[in-house]
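Keep the coordinates open while reading.

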Amino acid sequence: MVIPDHVALILDGNGRWAKKRGLPRTMGHKEGCVTVEKTVEIAARMGIRYLTVYGFSTENWKRSVEEVGALMQLFRYYMVRLLKIAKANNVRVKMIGERSRFDRDIVEGINRLERETKDNTGLTFVIAVNYGGRDEIVRAARRMAEDLEQGKIEKEEITEQSFASYLDTAGIPDPDLLIRTSGELRLSNYLLWQLAYTEIYVTDCLWPDFDKEELEKAIAAYNKRDRRFGGVRTT
């Protein structure tokens, strides 16, 4: 099979996984983190170069205070685990999203993750935290407008390519494949600019149950797609 360079994931179904087992939602999130760890290692061994996951959206702040607080504690714990996993697997970690809303210790943990893995040459693991596609585009537009006002760029220099350089994902290729678990058929404000020509695969599998076999199914389906990027088949 052709292995896609960049796979993006929407990790959906943690709450439903927990409910089916009579467990609190936080247990679903915890089990979901275990699945993320396993998926990073599997993707690295398969030769995927970039893996991007939707960890916490700008809309997730609307959840209950208790659930958000539990997610923040889980994030603190997970960052320590992730640093060990990244070092063991030569993984470079990058966070995208507006991190300033997080508590100071979480921001420091994010900065440490990026700093201590920046020279790793294997899989680049991108985590979208406090991330929203629309928010990202607005922030990029503001930065570009500032550069325009200061004379750093000219109006004629504004292109799709130059605008993309202001996005959180600057320097990262657009995803080849988007996988969404739990059967939901929406983008949920995720990578709206970057997913323009991404192949989409949806599975009913709940995220905590996602494994190597499920990833292989998604890649097998990807291999059957005819990617024309808006063009037409010539043969």
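## Strand E5 and its partners

Leu 178 stands opposite Ile 200 in strand E6. Leu 177 stands opposite Glu 199 in E6. E5 (residues 177-180) and E6 (residues 199-202) pair in the parallel sense over four bridges. Strands are DSSP runs of at least two residues, helices (H or I) of at least four, and both are numbered from the N terminus. Two strands pair if DSSP finds at least two bridges between them.

Strand E1 (residues 6-10) also runs parallel to E5, joined by four bridges. Here Leu 178 is the bridge partner of Ala 8. Leu 177 and Ile 179 point one way from E5, Leu 178 and Arg 180 the other way, and all are buried (under 20% relative accessible area, 1.4 Å probe, protein chains only).

## Basis of the model

This is a predicted model: local features need pLDDT of at least 70, side-chain atom pairs count only at pLDDT 80 or more, and totals for chains, interfaces and linings use all residues. Residues are numbered from 1 along each chain as its sequence is written, and side-chain values use heavy atoms, leaving out hydrogens and water.

## The sheet

Six strands form an open sheet with parallel pairing, in the order E3-E4-E2-E1-E5-E6. E3 (92-96) and E6 are the edge strands, each pairing on one side only. Neighbouring strands are turned by 20° against each other on average, direction ignored.

## Helices H3 and H4

H3 lies across E2 (50-57), E3 and E4 (124-131), and runs at about 165° to E4. H3 (residues 65-88) also packs with H4 (residues 104-117) at an angle of about 10°, the axes 10 Å apart. That makes H3 roughly parallel to H4 (an angle under 35 degrees). Axes are lines fitted to C-alpha atoms, for helices over the stretch in contact, and angles run from 0 to 180 degrees between N-to-C directions.

## Nonpolar cores

The largest nonpolar core has 47 residues. A core is a set of buried Ala, Val, Leu, Ile, Met, Phe, Trp, Tyr and Cys residues joined through side-chain atoms within 4.5 Å. Phe 102, Phe 125 and Ile 179 have the most contacts inside the largest core. H3 gives the most to this core, with ten residues. Apart from it lies another core, of 13 residues, among them Tyr 50, Tyr 131, Ile 172 and Leu 178.

Definitions and conventions. Parallel < 35°, antiparallel > 145°, perpendicular 65-115°, else oblique. Buried < 20%, exposed > 50% of the residue type's maximum accessible area, 1.4 Å probe, protein only. Contact = heavy atoms within 4.5 Å.
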